[in-house]
Amino acid sequence: MIHCEKGLFTLHTKHTTYQMKADAHGVLLHTYYGPRVEDCDLSYRIRYVDRGFSPVPEEAGKDRTFSLDVLPQEYSAAGMGDFRLPALDLELPNGSRTADLRFKSFRVEPGKYTLEGLPAFRGDETLVVILEDAAAGVEVELYYGVLEDCDVITRAVRLHNQGGQTVKIRQAASLCLDFQRGDLDLITFDGKHIQERSPNRGPLLPGVRSAESVRGSSSHQHNPFVILCDHDAGEDHGLCYGAMLLYSGNFQAAAERSQFENIRLTLGIHPWHFCWTLAPGEHFTTPEAALCCSKQGFSLLSHQLHRAIRERLLRDPWAGQPRPILINNWEATMFDFDAERLVNIAKSAASLGMELFVMDDGWFGKRSSDLAGLGDWAVNEEKLPGGLEALVPRIQALGMKFGLWIEPEMVNEDSELYRAHPDWVLQAPGRMVRSRQQLALDFSRKEVRNHIYDALKAVFSSAEISYVKWDVNRSLAAVWSAALLPDRQGEVYHRYVLGLYDMLEWMHRDFPHMLIEGCSGGGGRFDAGMLYYTPQIWCSDNTDAMDRLRIQYGTSFCYPVCTMGAHVSAVPNAQTGRSVSMQTRGVVAMHGTFGYEMDPAQITPEEREIILRQTAFFKEHQALLHQGDYYRLSDPFQNGPYTAWELVSPDQREALVSVVSGPIQGGPPCRSLRLKGLNPDFYYQVNGQGRYPGSALMEAGWPLPLPWGDYQSWQFYLTAL
Ligand code: GLA
């Protein structure tokens, strides 16, 4: 619901309120964001105080209490006396770095805005507040989208050069959010390849703390999602705010505690190596950011974010649809396979209830190792005689669908493509930085995308391809585009991301039923921007079940189970050398888009039985696993004896509790696990037995079995009587 009255703009979702106000000087002040409050002008909270060294804009005259440095801004601009984090940094034709934004007008639109060429949530209503910098001739449209039921407010910004001269955008954040308080914790989700998205929490201290990427993609190292919360906020209590960026390139999430103990959060494209030239008449649109607020802790925050992603971001036909259980040959074969080996893997997989066979890296060009072949998207007929036309029907005859791996953005020097078009790489002249022996293609260029897409389209059209794993396996470095003039190189990273989205959009157009899974050496590009195009993303190259507990735990704060690619792989694990039972590997992996990444012909008869039970269980309970509300019952980083989590169906009639124990220690304590999210008035059976009040299971708890050996697991399936 949007209310606009005399320069006061209030957005209500079901449980939250967001408000801003244009003041007497036309400065758009941020007055409130938090739990829902009755309609009123919340600017009564703003204090006007004369502060030393805080400058006063001309129109305030002698009123030394009016300073942009002190007041809560809705969209902060650099150069006019607000010395905190800027959202907007403009370079004017005369070289000055000043932007002075004043309220001009607004409009309310039914339905939610979309952003051309960029991912965006679907929502209910739109507010556009238009600011202008009259001297610069630049109009800044602040877009707000309301997702009422999910308690999500989205934001994006569109700049329009209405003047007669070219300006440069040095920074344009998607979001600026001022808090009139200084006592908040910041939680970021950080890590590295094979250990992504570990939560890191700490109180904001004076100065700036940030999570950012300058790797060209959102990265393994930091995620474009952060939480700000009360110091004592936990899973079930405390005020918390989540902010995500729907963007897959360089980003910066920065939180500043300023001198007067206020907090500002900015989130958007990273300003490093960004400079966008805006000629007269041109527009620039930022990616979308989304905010969510919960006054009941992180569980509710996650439920709302998960719901928004599932219902308002993922697109048809895969939003809400069951995902196939897949078998991927990568860990079983690496590059060393032929059609017979693949068909054999598929045969045993089909007999175990798996539904989709995925042929991973190595099927194209001269790809027998990672030294060659990227860029040559034609089937390697030495490995696969007769091409996909011959292979796919053999897989389908087993009752399975077929999918394959691609890495369209990359090229090896040892490839036909590179030999023909060495100038198509994204590489500064005279420099060469390889990673995994590969270079990045200049996806900002349409002719490059066209070439790759035409080749892929021919492959996708040669047989029935139901699924594609879109991978990218390096960070960008020494970036430079032959297609851009020297003073336009600051656009290259963003144009690359726009090019990536453009090609993903072509795939949606031409192959609307294809399921696309995102991947970047595991979870190096796990962000809401990618999820708009690829409804699931390979969570991590680390398939060790114990490490996955942590990776999936961290990921779950923002992203729902149905987006996390998770597979059972062989033991000892290829990344850690650890051996964990098939039972436990399955329990962990089924809390994602489930699959196996091994040669099922190599397993014992007992393991076969376990897999058969797992695939049957997953199929039966996929709706609960993928659509249920997710509760983190313990924190795997605390090294407690158990890690536990739970899914509860929206009607509370079903729940699944999963528990994994860590390394065994003699004399383990007897523990009870207090469940969450049940209906206190319902009675539940646990694994088909007994009659337990929901209130008892939640307040008194459920006794956990004593572990015997390392890394055991248990599942408790609850149904209301
Ligand atoms: C990346 C992916 C893996 C696999 C390999 C293939 O590392 O994350 O799952 O596809 O590439 O080269």
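This is a predicted model: local features need pLDDT of at least 70, side-chain atom pairs count only at pLDDT 80 or more; totals for chains, interfaces and linings use all residues.
1. For Asp 541, an N or O atom of the side chain is 2.5 Å from a ligand oxygen. A distance of 3.0 Å separates a polar side-chain atom of Asp 471 from an oxygen atom of the ligand, and an N or O atom in the side chain of Trp 405 is likewise 3.0 Å from a ligand oxygen. The ligand taken alone exposes 310 Å², of which the protein buries 95%.

2. Six strands form an open sheet with antiparallel pairing, in the order β31-β32-β33-β38-β35-β36. The edges are held by β31 (629-632) and β36 (689-693); each has a single partner strand, so one side of each lacks a neighbour in the sheet. Direction ignored, neighbouring strands of the sheet are turned by 25° against each other on average.

3. Within this sheet, the antiparallel strands β32 (residues 642-648) and β33 (residues 654-661) are joined by seven bridges. Val 648 stands opposite Ala 655 of β33.

4. Helix α10 spans residues 582-589 and is mostly covered, with seven of its eight residues buried. The buried residues are Met 582, Thr 584, Arg 585, Gly 586, Val 587, Val 588 and Ala 589.

Conventions. Residues are numbered from 1 along each chain as its sequence is written. Side-chain values use heavy atoms; hydrogens and water are left out. Buried means under 20% relative accessible area, exposed over 50%, partly exposed in between (1.4 Å probe, protein chains only). Helices (H or I, at least four residues) and strands (E, at least two) are DSSP runs, numbered from the N terminus. A polar contact is a pair of N or O atoms within 3.5 Å; within protein, one must be able to donate a hydrogen and the other to accept it, and residues adjacent in sequence count only if both atoms are side-chain atoms. Accessible areas come from the Shrake-Rupley method with a 1.4 Å probe; for residues, only the protein chains shown count as cover. Two strands pair if DSSP finds at least two bridges between them. Axes are lines fitted to C-alpha atoms, for helices over the stretch in contact, and angles run from 0 to 180 degrees between N-to-C directions.
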